[in-house]
Amino acid sequence: GGTKPDRHRCWQRPIRRRLSTPTRMQDAGSGAKPEPRKPRRSPAVHAARRAVDFATAAGRLKLTVRSGWVQHGVPGAESVADHSHRVALLALAGAAVEGLDGSLAAAIAVVHDLAEASVGDITPRDGVPSAMKEELERDALDGMCLRLADGGPGLAEAAASVRAMWGAYAAAASPEARLVKDCDKIEMCLQALEYEVEADERCLDQFIDCVTPARLHTAFAKACLADIVRRRDDLLPPRLPGAGQDSAAPRAKAPRAPDDASTDTESDADEEPPGSQTRASSTARRRRSSRRRR
């Protein structure tokens, strides 16, 4: 009357299988909660993820307001993305006039302020030396490009291209880069004119006066500057002698252009703002006339 062996006892033992994810039975001894392994992404999916990361970082330019306009009390000031878009259009047109590579010029214009997505729009009024500003922007751009390059060989090549175009613009190392530098200044002048027309007053003189033909490299940009000045004379009444500029928007002691368009060299950053001598002389005249009346 002994007991019969259980023929199905083997089914009570754990079955060893090659599973993609660990089972509870395998992890029971360690006491750790099992975590499913992440599926391996394909190269295309990984590249797309890095490209979206890059575009997300660059998208902060839409929310980065151009500091120069804000510092001068302009309501609803444009973003850096707004500025870069029109610089690219001007560069595309200018390249056709100057006989340059339009695709390269437009691409340089698209990336020329890309680092400001991380460091913001640094102006001379912020008191940051030019060398430090360039170093901050270069480090920010390198970080964005490194993440993009992690997406694979194709995106590594694109990241190297972005880095090279940004460096060419910073050093004005090619005809297309010099054209974009010109278009950067021309776009600023045009935007200043549009704000003045909206206010129906010449209230942003220094943004236009700081750009002179001597600071421009191309005949196209010089012609654009002359046209903007001509339109300004047609659309806005001339400023009366002795009229204070302080009535329009808050001014600082040394107002400058809203971005690095006004700081291509150290001498430009230290330059006395246009119209400051005129304002000082008009103030002195008013004081002398008030003394006579007394």
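User: Hi! How many helices and strands does the protein chain have?
Analyst: Hi! The protein chain has 13 helices and 0 strands, where helices (H or I, at least four residues) and strands (E, at least two) are DSSP runs numbered from the N terminus. Along the sequence the pattern reads α-α-α-α-α-α-α-α-α-α-α-α-α. Keep in mind that this is a predicted model: local features need pLDDT of at least 70, side-chain atom pairs count only at pLDDT 80 or more, and totals for chains, interfaces and linings use all residues. Residues are numbered from 1 along each chain as its sequence is written, and side-chain values use heavy atoms, with hydrogens and water left out.

User: Thanks. What share of the residues is buried?
Analyst: Of the 294 residues in the protein chain, 38% are buried. Buried means under 20% relative accessible area, exposed over 50%, and partly exposed in between (1.4 Å probe, protein chains only).

User: And what part of the contacts comes from residues 24 or more positions apart?
Analyst: Such residues account for 69% of the contacts in the protein chain with a separation of 6 or more. Contact here means heavy atoms within 4.5 Å.

User: Switching to charges: how many salt bridges are there?
Analyst: The structure holds 14 salt bridges. The criterion is a side-chain nitrogen of Lys or Arg within 4 Å of a carboxyl oxygen of Asp or Glu. One of them joins Arg66 and Glu78, with the closest N and O atoms 3.3 Å apart. Arg66 sits in the loop between helix 2 (43-58) and helix 3 (67-71), and Glu78 in the loop between helix 3 and helix 4 (80-98), so this pair links parts that are 12 residues apart in sequence.

User: Are Arg66 and Glu78 buried or exposed?
Analyst: Arg66 is buried, and Glu78 is buried too.

User: What does Arg86 pair with?
Analyst: Arg86 forms a salt bridge with Glu194, at 2.9 Å from N to O. Arg86 belongs to helix 4 and Glu194 to helix 9 (residues 175-199), so the pair ties together parts that are 108 residues apart in sequence. Glu194 is partly exposed, with a relative accessible area of 35%.

User: Where do Arg230 and Asp227 lie?
Analyst: Both are in helix 11 (residues 219-235), 3 residues apart, which is about one turn of the helix. Arg230 counts as partly exposed at 46% relative accessibility, and Asp227 as partly exposed at 25%.

User: OK, backbone next. What is phi of Ala172, roughly?
Analyst: Phi of Ala172 is near 50°, a positive value in a residue other than glycine. Ala172 is placed in the loop between helix 8 (153-171) and helix 9. Asp200 is another non-glycine residue with a positive phi, about 55°. Asp200 lies in the loop between helix 9 and helix 10 (205-209), and at 54% relative accessibility Asp200 counts as exposed.

User: You mentioned helix 8 and helix 9. At what angle do they pack?
Analyst: Helix 8 and helix 9 pack at about 70°, with their axes 8 Å apart. Those axes are lines fitted to C-alpha atoms, for helices over the stretch in contact, and angles run from 0 to 180 degrees between N-to-C directions. The two helices are therefore roughly perpendicular to each other, a label used for 65 to 115 degrees, while under 35 is roughly parallel, over 145 roughly antiparallel and the rest oblique.

User: Which residues of helix 8 and helix 9 meet?
Analyst: Ala168, Tyr169 and Ala170 from helix 8 meet Ala177, Val180, Lys181 and Asp184 from helix 9. By class, the residues of this contact are 5 nonpolar, no polar and 2 charged. Ala, Val, Leu, Ile, Met, Phe, Trp, Tyr, Cys and Pro count as nonpolar, Asp, Glu, Lys and Arg as charged, and the others, Gly among them, as polar.

User: Last one: what is Ala91 in contact with?
Analyst: Leaving aside neighbours within four places in sequence, Ala91 is in contact with Ala105, Ala106, Ala109, Leu179, Val180 and Cys183. Ala91 is found in helix 4 and is buried, at a relative accessible area of 0%. Ala91 and Ala106 are 15 residues apart in sequence, with 5.6 Å between their C-alpha atoms.
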